[in-house]
Amino acid sequence: MNDPTTLTMKDIAEHFGISVATVSRALKDSPRISAERRQAIQQYARDHNFTPNVLAEGLRRLHTQPVRVIGVIMPEFVHYYFSTILHGIEQEASAHGYRIMVAQSGEQYEREVQLCQSFYENKVCGIIVSQAKNTQRYDHFQRLIDAGVPLVFFDRISTGVNASRVVVDDYMGAYQAVRHLISTGCRRIAFYGSQMHMEIAKNRFNGYKDALLRHGLPFRPELTRICDNRRDAEMLTPDLFDGDYYPDAFFAVNDDTALGILYTVKRMGLRVPEDISICGFSNGVRAVSCDPMLTTVEQYGTRVGEEAADILIGHVEGNIPMDRVEKRIVRTRLILRGTTR
């Protein structure tokens with residue numbers, strides 16, 4: 001017999017001349033084992049300080065009760081917005097008995113293709129994905145759909161495949177932000193956005209442009225830049241002030257870019273918001289850790305994640321037919337702080 005501290009169910013089974021399965025049932029007080037036998041096994045276990053191996057039991061259970069796993073592909077983990085979406089996905093998945101397996105594409109198309117294949121090979125229930133910036137071919141997504149794998153896009157959606165998606169109202173969020181800048185007296189509003197092959201970039205740009213035109217202001221291409229990160233914002237912003245026609249406000253595609261603008265114009269000796277107004281998009285934690293605090297558009301990332309997981313689980317469990325494309329829009333809200341008048 002092993003030392004009592006390492007007593008196993010196999011040892012107990014050998015002592016009583018029974019199977020390990022019978023010992024397991026007895027310790028769980030199963031009515032399939034006679035009361036007399038259950039009491040004897042349980043007493044023996046107590047006398048010998050037996051502690052069940054919970055991990056081993058869990059692994060054995062996996063063979064009969066497969067874990068339901070949802071694959072999630074994020075462009076990057078570092079952004080506050082994506083972390084809130086992941087929180088929403090995990091909450092909704094957990095509430096329905098699912099676990100999530102998360103990976104990041106690193107904004108790389110090739111990595112995204114590999115992750116889709118890996119998740120498929122690992123037999124996930126379905127995949128929730130926000131595509132990488134440089135993804136312009138969608139065969140890897142179509143292969144998943146053709147193979148019957150439920151697929152749901154969030155934030156950065158692919159219009160090249162017919163799949164369910166959850167987005168925020170990017171157009172209206174941008175429109176309301178620029179309208180506010182105009183209402184405070186701004187007339188030369190610059191736009192910093194993402195690459196225009198992405199639907200999210202098009203929608204925010206259109207909201208910006210339409211707000212200008214509907215309020216009688218000209219659209220000036222020289223005030224627009226492809227710029228969606230802080231580093232590029234710090235590098236590009238001084239150039240906009242070189243000529244006679246320079247901005248009195250900026251609308252940025254995300255908070256990170258807006259903070260790069262804020263840092264740069266302050267370094268140039270301009271006052272915010274007296275000389276320059278700035279509005280971002282996300283409402284991340286850094287929006288309230290700068291001086292002045294950032295006016296921005298709230299995206300409600302947790303809600304986006306919950307909706308994406310809800311749709312995917314609906315597809316998996318048959319509540320939403322696989323051939324039905326579910327499209328949901330989460331409304332935005334303008335948060336006014338110190339970087340606008």
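The model is predicted, with local features needing pLDDT of at least 70, side-chain atom pairs counting only at pLDDT 80 or more, and totals for chains, interfaces and linings using all residues. Residues are numbered from 1 along each chain as its sequence is written, and side-chain values use heavy atoms, with hydrogens and water left out.

Let's begin with helices α1 (residues 9–16) and α3 (residues 35–47), whose axes come within 11 Å and cross at roughly 125 degrees. Helices here are DSSP runs (H or I, at least four residues) and strands likewise (E, at least two), numbered from the N terminus; axes are lines fitted to C-alpha atoms, for helices over the stretch in contact, with angles from 0 to 180 degrees between N-to-C directions. That angle makes α1 oblique to α3 (under 35 degrees is roughly parallel, over 145 roughly antiparallel, 65 to 115 roughly perpendicular, the rest oblique). On the α1 side the contact (heavy atoms within 4.5 Å) uses Ile12, His15 and Phe16, and α3 brings Ala40, Ile41, Tyr44 and Ala45. By class, that contact has six nonpolar, one polar and no charged residues (Ala, Val, Leu, Ile, Met, Phe, Trp, Tyr, Cys and Pro are nonpolar, Asp, Glu, Lys and Arg charged, and the others, Gly among them, polar).

Now jump to α5 (residues 80–95) and α12 (residues 301–317): their axes come within 6 Å and cross at roughly 40 degrees, so these two are oblique to each other. Among the residues that meet here are Tyr81, Ile85 and Gly88 of α5 and Gly301, Val304 and Ala309 of α12. The contact of α5 with α12 splits into seven nonpolar, seven polar and three charged residues.

What about the backbone? Most peptide bonds are trans, and most residues other than glycine have a negative phi. Val272 to Pro273 is a cis bond, omega near 10 degrees, with Pro273 in the loop between α11 (255–267) and β9 (277–279). Asp291 and Pro292 are also joined by a cis bond, omega about -5 degrees, and Pro292 lies in the loop between β9 and β10 (296–298). Glu107, in the loop between β2 (99–104) and α6 (109–121), has a positive phi near 65 degrees.

Finally, the lining of the largest cavity includes Arg187, Tyr208 and Tyr245 (on a 1 Å grid over the protein atoms alone, a cavity is a set of points where a 1.4 Å probe fits but cannot get out; lining residues have an atom within 4 Å of a point).

Key: 1 Å grid on protein atoms, 1.4 Å probe; cavity = no way out; pocket = protein on both sides within 12 Å on 5 of 7 lines; lining within 4 Å.
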